[in-house]
Amino acid sequence: MTVPGPRQAALPPSSFTELLRDRAELTPDRPAIIVDGVAELTFADWDRRADAAAHRLRAFEPARLRRVALLFGGDAWADFAVAYHAVQRVGATAIHLNDRMPGEEIARRLVQCGANGILHADGLRPPEGFTGWTAPLGSLEGAADDAPARPDAARPPVRPDAIADILYSSGTTGPAKAVTVTHANMMHGRARPTIDALGSSEHLLSAMPLGTSSSQGTISLPLLSDSVLVAASLSDEPDRIAELAARYRVGSLMITPATARALVLARVHERHDLSGVTTVTSASAVFPAAVARRLLAMLPGASLATAYTSIEASPAVVLNVFDPGHPLCAGFPAPGTDVVITDERQQPLPTGEVGEIWLGTDAPQRRYLDTLLDRQAHVGRWTRMGDLGSLDDQGRLHFFDRAADAVRSDGRLVSTVQVESVLYDHPEVREAAVIGLPHPGSGEETTAVVVLSSAAVLPEVQDFAKSRLEPHQIPGRYLVTDALPRSFLGKVLKRELRRIHTTPSPRSHHEAADRHAAEPEEPAVPLDPELLDVLGCPEHPDAGLRHDADHSALTCADCGRRYPVLRGIPVLLPGAGE
């Protein structure tokens, strides 16, 4: 069954930095961003500072401004917003990093994306070993005596097909994956229904981390709506977030499920007036039902709006307002989005049957930097989400589980999110993650890893779950722990739980090695031309790159160095060329 969303016209080709210029002219003195209650950025100041920084960036040769990494963290939202638009105004591609990322992950992304330089917060130091240019934002703003009043006024608009950003997935099911995003994709006419879901309040509070796939979208909200963005740090204590929401009479609250859980456990409504909140929004695929019910009980009259999408599928999105009677309902496709559920042969399934979720859109597609992965994930106008779900007779999407997380036991699929939802209903369960562990008889054993108020309540929790789950869903094992492993974004890492609690035997190591040796190597495939537009030889970044005959390497047209392409990803590390 395929469910088409309503059609809508796309916005004219443009860019977010052009929208900033428009807003600065229309409402120059209106606040755009308030940072953690201590700083304010108006549209005019935002535009002026971005112009000044862009003017000084142009002191670099154009070839050194092709790919610029932005390294920010904490509550530096205003500076990040300025830096991002400065990079956009010189036609560069932005790569997003933050100070909470492990050093090896920052290094991997810099190499994978072929970053020419790093523009960073004044209080942060760029990573050691980086051979490109680095500059703190403050050094690019400085005194504006040498900058024309409108240094960008004569510049042509940004090309819609130019790559604006290289974003990374959250990395919950494996290493974070790089995705290229064009200006045309970001500006496609999908923004309006998503913004409408935020409500029309004067102030919108976002408690999200910097340097992630959501950062650019977060600072774009005041450009697309009439709300002032109140930006909080993800590391803020629940009471700090609640205090900001109360001070500014925030109407819309953008939070992650983890932040929502922290607000609920801290009972912040008992100390802060949150009566102004009318809408809570989250981009999480599934919002834990127990957390949602408790959160909404704290906010009488508020609704919880969720958006189901991914960085590689956007602007395709499914929107929903949480219904306690249908806690795993992801909602209806937004205008311009289609949904289909397929079987293992990629054929559409009928209503009610669980299969793989595909989202479709006519917008210019986002592309994985890994060419092999991109060809697997995109089929025509469709993106394979890597998730399982079903459609009901009304056309609503119901989320079942991530394909990598669903437990396969005795020939049946068990939804880990359904089991977790029941566990979270018990008041003594602080955190819960359900995984499948190898089992000699059933294939996988449903295993619940839980953080409890006290280990003594485990038998009570087990009885509680058993009375509410179907027989095939009941966990065969419970593991009590002090905390669940999380990424720097705060997301639970189920792959890490499986690794921790799976002890392979020496025989299985040998068997795996034998299987790997017997598997034929995948043939190399060429990178798509638009990806080559953002790649360059580290020694000669302005020179073109060309494929070798077998597509296993890229050769610099200037110096002749060859850079290997491993599993569709070019390794453009200085010194790696032959």
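The average pLDDT of the protein is 84, and 80% of the residues reach at least 70. Residues 7-13 have a pLDDT below 50, and in the model this stretch makes 16 contacts beyond near neighbours in sequence. Over residues 505-523 the pLDDT also stays under 50. For residues 505-523 the model has five contacts beyond four places in sequence. Where pLDDT is low, the predicted coordinates should not be read in detail.

The backbone comes next. Most peptide bonds are trans, and most residues other than glycine have a negative phi. The peptide bond from Ser-314 to Pro-315 is cis, with omega near 15°. Pro-315 belongs to the loop that runs between β14 (303-308) and β15 (318-321).

Arg-267, which is not a glycine, has a positive phi near 50°. Its place is the loop between α10 (257-266) and β13 (279-282). Is Arg-267 buried, partly exposed or exposed? With a relative accessible area of 44%, Arg-267 is partly exposed, because that class lies between the 20% limit for buried and the 50% limit for exposed.

Gln-346 is not a glycine either, and its phi is positive at about 65°. This residue sits in the loop between β17 (338-342) and β18 (355-360). The relative accessibility of Gln-346 is 35%, so Gln-346 counts as partly exposed.

Technical notes: Residues are numbered from 1 along each chain as its sequence is written. This is a predicted model: local features need pLDDT of at least 70, side-chain atom pairs count only at pLDDT 80 or more; totals for chains, interfaces and linings use all residues. Side-chain values use heavy atoms; hydrogens and water are left out. pLDDT is the predictor's confidence in each residue, from 0 to 100. Contact means heavy atoms within 4.5 Å. Helices (H or I, at least four residues) and strands (E, at least two) are DSSP runs, numbered from the N terminus. Buried means under 20% relative accessible area, exposed over 50%, partly exposed in between (1.4 Å probe, protein chains only).
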